[in-house]
Amino acid sequence: MCAGGIDSQESADRLQQYLSTILGQQQKDGSWLFNAGKNKLKTITGFSNGIAGIIYFLLCHGEHSGNQEAVKAAEKGLQWLINKAISHGNKFNWSSSSAKS
């Protein structure tokens, strides 16, 4: 629908820049850190502006493009989310936590 109005090479270049930034900022434990102000970094687990959304993007990109680096980063992020899950009966929750600054 919008594809006709977007230069495909420019879009591909921008996508590659975003992907490189995301992959480069992934922590060794599989998470990503976000600026929480006042020189503090924290993990944010949510879908709309956090790690779950990054993982979803990486999985979609990997499926669409065949980029295995994106898939591996998503898997590492998923493992981090699984390890951080807090069980409440038959439900799981995640909390954002402060990280080293």
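Let me begin with Asn-39, which is exposed because its relative accessible area is 70%; exposed here means over 50% relative accessible area, buried means under 20%, and partly exposed lies in between, with a 1.4 Å probe and protein chains only. Asn-39 sits in the loop that joins β1 and β2, and its phi is positive, about 60°, although the residue is not a glycine. In the loop between β1 and β2 we also find Lys-38, another non-glycine residue with a positive phi, in this case near 50°. Lys-38 is exposed, since its relative accessible area is 80%.

Before I go further, a word on the basis of these values. The model is a predicted one, in which local features need pLDDT of at least 70 and side-chain atom pairs count only at pLDDT 80 or more, while totals for chains, interfaces and linings use all residues. Residues are numbered from 1 along each chain as its sequence is written, and side-chain values use heavy atoms, with hydrogens and water left out.

Let me turn to the overall architecture. The protein chain has three helices and five strands; helices are DSSP runs of H or I with at least four residues, strands are runs of E with at least two, and both are numbered from the N terminus. In sequence order the pattern is α-β-β-α-α-β-β-β. Of the 101 residues in the chain, 24% are buried. Taking contacts with a separation of 6 or more, 48% are between residues 24 or more positions apart, where contact means heavy atoms within 4.5 Å. The accessible surface is about 7,400 Å², and carbon and sulfur atoms contribute 52% of it; these areas come from the Shrake-Rupley method with a 1.4 Å probe, and for residues only the protein chains shown count as cover.

I shall now take the helices, starting with α1. How many salt bridges does the structure hold? There is one salt bridge, a term that requires a side-chain nitrogen of Lys or Arg within 4 Å of a carboxyl oxygen of Asp or Glu. It joins the side chains of Glu-10 and Arg-14, at 3.6 Å from N to O. Both residues belong to helix α1 and are four residues apart, about one turn of the helix. In general, side chains of opposite charge can pair when their charged atoms come close. Glu-10 is partly exposed because its relative accessibility is 46%, and Arg-14 is partly exposed because its value is 42%.

Is Ser-31 buried or exposed? Ser-31 is buried, because its relative accessible area is 2%. Its side chain makes a polar contact of 2.7 Å with the side chain of Asp-29; a polar contact is a pair of N or O atoms within 3.5 Å, where within protein one must be able to donate a hydrogen and the other to accept it, and residues adjacent in sequence count only if both atoms are side-chain atoms. Setting aside neighbours within four places in sequence, Ser-31 is in contact with Gln-25, Gln-26, Thr-43, Ile-51 and Trp-80. Lys-28 also lies in the loop between α1 and β1, but Lys-28 is exposed, with a relative accessible area of 79%. Lys-28 and Gly-77 are 49 residues apart in sequence, and their C-alpha atoms are 9.8 Å apart in space.

After α2 comes Gly-66, with a positive phi near 80°.

Finally, helix α3 comprises residues 68–84. Its 17 residues should span 24 Å, which agrees with the 24 Å between its end C-alpha atoms. At the start of α3, a side-chain oxygen of Asn-67 reaches to within 2.9 Å of the backbone nitrogen of Glu-69. The buried residues of α3 are Ala-70, Val-71, Ala-73, Ala-74, Gly-77, Trp-80 and Leu-81, and their cover includes α1 (8–25), β2 (41–43) and α2 (51–65). By contrast, Ile-82, also in helix α3, is exposed because its relative accessibility is 55%.

Conventions
Expected span 1.5 Å × (residues − 1).
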